[in-house]
Amino acid sequence: MNKLDAQRQKEIQQAEELLFAGPQALGFAKGLFQGHFVADWVMPYPRIPSTQQVELDETLKNLRQFLDEHLDAAEIDRKADIPRSVIDGLGRVGVLGLTAPKEYGGRGFSQMANCKILEEIGRRCASTSVFVNAHHSIGIRALLLFGTHEQNQQWLPKLSTGEQLGAFALTEKEAGSDAANVQMQARPSEDGSHFVLNGEKRYITNAAIADVLTVMARTPVPGSDKTSVTAFLVTPDMPGFEMLEARMPKMGIRGTATGRFALRDVKVPKENVLGAPGKGLKVALTVLDFGRTTFGACCTGAAKTCLRLAIEHANTRKQFNKTLGNFHLVQKKIARIAADAYAMEAMTTITASLIDRGLEDYMLETAMLKVFTTERLWECINDVFQIYGGSAYFVDCPLERMMRDARINQIGEGANEVLTSFVALVGMRGPGMEFKEIYDTMVKPTRERGFAKAWTAGKHRLGATVRVPEIPVRSAELRWFANQLGRLIWRFNVAVNRALITYREPILDMQLVQERIANAAMDLFASTCVLSRYDAELQSAQRNGSSLSPDQLAADLFLRQSFRRIRHFLAGLTDNEDKSVLATAKSVLAKPES
Ligand SMILES: Cc1cc2nc3c(=O)[nH]c(=O)nc-3n(C[C@H](O)[C@H](O)[C@H](O)COP(=O)(O)OP(=O)(O)OC[C@H]3O[C@@H](n4cnc5c(N)ncnc54)[C@H](O)[C@@H]3O)c2cc1C
């Protein structure tokens with residue numbers, strides 16, 4: 001086996017171990033890749049139970065009042081610091097322990113309710129929303145998910161109120177996108193009472209202000225010469241904890257403290273191991289699922305701010321004796337922002353509800369949400385920036401800050417390229433395995449029970465390719481959209497099957513093909529979420545006798561634009577200039593001096 005094959009085998013083995021722990025209910029996104037529309041997960045549009053809605057409304061009211069009075073996003077950016085009084089205030093409102101169980105001092109909110117809170121913060125200040133995410137969505141998440149009762153009792157009460165702050169430390173020089181390549185070492189002591197940690201972490205949000213950090217380090221696998229990653233709770237008062245750089249100066253989200261630290265022979269008690277030893281990567285990836293969900297909420301909030309700013313300016317700024325809102329090219333941008341903001345909210349709500357309703361594996365949906373919302377937000381900011389013209393470029397306008405702040409979204413918590421490839425490959429795994437079954441049987445027809453298995457797999461594949469899935473909308477007005485969506489899912493499935501048959505294993509490296517498949521899947525998911533929300537709103541409007549709102553027009557537009565994009569991505573699978581792209585890249589990469 002050559003070095004590349006060995007690396008590929010290692011990656012596949014890691015992914016199998018992380019992602020496919022056993023039989024699970026078919027999720028929505030995996031269903032899409034098999035030509036199914038698993039309606040139960042996405043329709044009807046989820047609602048927060050009324051008792052929790054009352055509590056959420058009260059918390060939102062308190063939060064808005066607090067933020068109106070005390071949060072100054074421009075000053076946070078200018079001073080590159082979130083004042084402690086703001087952090088304390090967020091703690092008092094309950095934001096810093098919102099999803100922690102009440103018995104540990106939290107508020108016991110669902111992910112859906114949590115996302116509404118993060119959307120509100122994301123509307124106003126990206127530094128503050130990233131700070132809250134780093135503390136609550138990922139910093140204390142491993143404790144919430146994997147902590148024992150004793151660990152939760154010990155750590156959570158102070159972390160839930162904000163008396164103490166949390167951080168999540170995975171990234172290192174050699175472990176960025178390649179998260180499995182963690183180099184920080186954790187050696188067990190002779191008597192087994194503790195681990196000794198050595199290594200460095202970088203780019204860690206809250207590192208310098210956190211009282212507890214979830215740190216990923218490499219531990220030996222007993223009885224072998226291998227190592228695997230384990231999650232530890234580390235506190236900065238442990239001897240050997242050295243803050244190398246508390247606040248790395250940076251482009252955006254300047255209010256957050258992004259730091260670098262080293263652990264030098266730091267003794268961490270074995271009681272501070274989170275989850276099973278050696279299962280740290282699973283811990284990390286599950287934690288990031290939550291981070292990606294609240295990312296969606298924060299981006300939704302920021303997109304709504306873009307819409308508000310765009311409307312304000314287009315209705316007041318006059319050129320050629322008309323307000324800008326009269327020009328079609330300005331209207332086009334504003335309509336698109338409205339459509340995208342609507343979709344981002346719908347997608348965030350449905351993804352959060354999957355977690356609340358106990359879907360076991362939602363990695364695909366959270367990855368799709370993260371890529372989709374961060375890319376759309378970037379477009380929204382660019383559009384509103386353009387509408388503001390020269391005035392957007394100056395620091396007295398919030399847009400230059402918003403643009404600087406938003407740029408990290410496409411990189412942090414999984415670069416969008418990595419997640420795009422992940423969506424395509426994990427999604428295609430189900431149908432891919434069925435094809436493999438058919439292929440293996442054709443190659444070795446004597447395999448025991450081979451024909452029976454291949455026959456079943458073949459029937460599944462064939463069944464999906466001949467049936468257009470039914471999309472169960474309740475509003476007659478949406479039947480056309482539902483039919484279109486069903487046909488596009490069918491076309492998507494045909495395209496996935498064709499790609500798998502045409503390229504077979506090399507598809508694992510064909511990222512341009514993967515990107516089109518992932519993009520189509522993301523738009524199918526986004527359209528589904530929009531249709532589900534639109535349907536619920538139409539039903540409610542019909543019950544109340546009200547007329548079409550701007551929201552519903554935005555939903556209509558989103559569906560039309562999304563369907564067009566899906567057709568474009570699928571057409572690109574056979575009509576493209578990939579060969580030329582790759583040849584050009586290879587040639588310029590080989591001659592860096594030119
Ligand atoms: C402000 C900020 C805050 C952060 N906060 C935290 C935190 O709290 N905790 C934490 O652990 N980490 C944190 N990070 C780290 C962040 O998660 C990483 O920066 C991110 O995972 C990317 O890693 P990298 O920067 O090493 O980029 P690299 O891994 O070097 O990747 C660079 C680029 O290469 C491309 N690329 C990489 N791999 C592939 C691939 N397989 N296919 C195609 N393209 C690829 C992508 O375009 C990517 O953007 C933070 C980073 C920043 C900038």
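# Close-up views of a predicted model

**View 1. Helix 13 and its cover.** Helix 13 (residues 398–406) is largely enclosed by the rest of the structure, because eight of its nine residues are buried. The model shown here and in the other views is predicted. The buried residues of helix 13 are Leu399, Glu400, Arg401, Met402, Met403, Arg404, Asp405 and Ala406. Their cover includes helix 4 (73–79), helix 6 (111–124), helix 7, helix 10 (280–316) and helix 12.

View 2. In helix 5 (residues 84–93), the buried residues are Val86, Ile87, Gly89, Leu90, Gly91 and Val93. Helix 3, helix 6, helix 7 and helix 9 (149–161) are among the elements that cover them.

**View 3. Thr128 in helix 7.** Thr128 belongs to helix 7 (residues 126–139). Is this residue, Thr128, buried or exposed? Thr128 counts as buried because its relative accessibility is 0%, and the cut-off for buried is under 20%. Leaving out residues up to four places away in sequence, Thr128 touches Leu71, Ile76, Ile82, Leu90 and Ile121. One of these contacts, Leu90, is also one of the buried residues of helix 5.

**View 4. The largest nonpolar core.** This core contains 71 residues. Within it, the residues with the most contacts are Phe33, Phe37, Met368, Phe492, Ile517 and Leu531. Two or more residues each come from helix 2 (28–33), helix 11 (328–356), helix 12 (363–388), helix 14 (416–443), helix 16 (479–503), helix 17 (511–544) and helix 18 (550–572). Which element gives the largest share of this core? Helix 17 does, with 14 residues.

**View 5. Phe33 and its contacts.** Neighbours within four places in sequence are left aside in this view of Phe33. The remaining contacts of Phe33 are Met368, Val423, Ala424, Gly427, Met428, Pro431, Phe492, Asn493, Val496, Ile517 and Ala521. Apart from this core there is a second, separate one of 48 residues, which includes Leu143, Met238, Val266 and Val283.

View 6. For Thr171, an N or O atom of the side chain is 2.6 Å from a nitrogen atom of the ligand. For Ser177, a polar side-chain atom lies 2.7 Å from an oxygen atom of the ligand. For Glu417, a polar side-chain atom lies 3.0 Å from an oxygen atom of the ligand. The ligand taken alone exposes 970 Å², and the protein buries 66% of that area.

**View 7. The shell around the ligand.** How many residues surround the ligand? There are 17, and the closest are Phe168, Thr171, Ser177, Tyr203 and Thr205. By class, nine residues of the shell are nonpolar, six are polar and two are charged. The largest share of the shell, three residues, comes from strand 3.

**View 8. Two residues with positive phi.** Most residues other than glycine have a negative phi. Asn206 is not a glycine, yet its phi is positive, at about 75 degrees. Asn206 is found in the loop between strand 3 and strand 4 (212–220). With a relative accessible area of 0%, Asn206 is buried. Asp265 also has a positive phi, near 50 degrees, and is a residue other than glycine. Asp265 lies in strand 7 (residues 258–269). Because its relative accessibility is 49%, Asp265 counts as partly exposed; the cut-off for exposed is over 50%.

**View 9. A cis peptide bond.** Most peptide bonds are trans. The bond from Met43 to Pro44 is cis, with omega near -5 degrees. Where is Pro44 found? Pro44 is in the loop between helix 2 and helix 3 (50–70).

**View 10. Asn382 in helix 12.** Asn382 is part of helix 12. Its relative accessible area is 38%, so Asn382 is partly exposed. In sequence, Asn382 and Cys298 are 84 residues apart. In space, the C-alpha atoms of Asn382 and Cys298 are 17 Å apart.

Technical notes
Residues numbered from 1 in each chain as written. Predicted model: local features only at pLDDT ≥ 70, side-chain atom pairs only at ≥ 80, totals over all residues. Heavy atoms only, no water. Core = buried A, V, L, I, M, F, W, Y, C linked by side-chain atoms within 4.5 Å. Buried < 20%, exposed > 50% of the residue type's maximum accessible area, 1.4 Å probe, protein only. Helix = DSSP H or I, 4+ residues; strand = E, 2+ residues; numbered from the N terminus. Contact = heavy atoms within 4.5 Å. Near = heavy atom within 4 Å. Polar contact = N/O pair within 3.5 Å; in protein donor to acceptor, adjacent residues only side chain to side chain. Areas by Shrake-Rupley, 256 points an atom, 1.4 Å probe, with all protein chains shown as cover. Nonpolar A, V, L, I, M, F, W, Y, C, P; charged D, E, K, R; others polar.
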